[in-house]
Amino acid sequence: HELTKVLHRLKDRAVQGGNETLPQESMVALADEVRQLREHLLHIANTSFEGRYIFAGQQTTRPAYDSSGVYQGDLNPLTTDVGAETTMEISVPGELIFGGAAGDFLAQLVEIEEHLRDGDYDAVRTIDLERIDARLDQVLVIRSQIGAKVNRLEMAIERYQLMDVNFKDLLSKNEDADIAEVT
């Protein structure tokens, strides 16, 4: 959710930066904000939970990204058993969200910042805005996939809870003594 908010903020800044009537001082201020938003995205990308970095693929013992924005993880998501002979991916490698190779989104943000500082309205309005929209679309696709997995897990939990109640009822019927018969 926080990632989506940052991407929307970046998009707003690109729309503002594409306005040719904006003075250069304002473009520099937008560039400074883009730099801060990039640093915030890097912080999000290195989120950890219980000492494990959640966007590093299976390389969970070290941050997903180094300070320059180079991906340190791998593309192998974490998996867990969710039923008999059924596993589910429970993580998303950061490279799929934030990028990791040349031309990735974190590097593109540096270019967006440069375009704003240089007053390159056309690049901001076309190339940069398109890149932000593409990344926002990618994140929304991943969020919908995660939502589908959450729904699947919730249904499995409900099914297991119902099975537990049914098993307890059967066990009770088999093991409980019939008082009238015992007497």
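Here are a few friendly notes on this predicted model, covering a pocket, a helix and one serine.

1. Ground rules: residues are numbered from 1 along each chain as its sequence is written. In this predicted model, local features need pLDDT of at least 70, side-chain atom pairs count only at pLDDT 80 or more, totals for chains, interfaces and linings use all residues, and side-chain values use heavy atoms, with hydrogens and water left out.

2. The largest pocket has a volume of about 720 Å³. Among the 31 residues that line the largest pocket, Phe55, Ile90, Ser91, Val92 and Ile146 are the closest to its centre. (On a 1 Å grid over the protein atoms alone, a pocket is an open set of points where a 1.4 Å probe fits, with protein on both sides within 12 Å along at least five of seven lines; lining residues have an atom within 4 Å of a point.)

3. Which element gives the most to the lining of the largest pocket? H5 does, with 9 residues. Helix H5 spans residues 121-175. (Helices are DSSP runs of H or I with at least four residues, and strands are runs of E with at least two, numbered from the N terminus.)

4. Helix H1 covers residues 2-17. Several residues in H1 are buried, including Leu3, Leu7 and Leu10. (Buried means under 20% relative accessible area, exposed over 50%, and partly exposed in between, with a 1.4 Å probe and protein chains only.)

5. Ser48 sits in strand S1, residues 48-49. Ser48 counts as partly exposed because its relative accessibility is 39%. Leaving aside neighbours within four places in sequence, Ser48 is in contact (heavy atoms within 4.5 Å) with Tyr53 and Ile54.

Key
Points joined across faces, edges and corners; volume = space filled by probe spheres on them.
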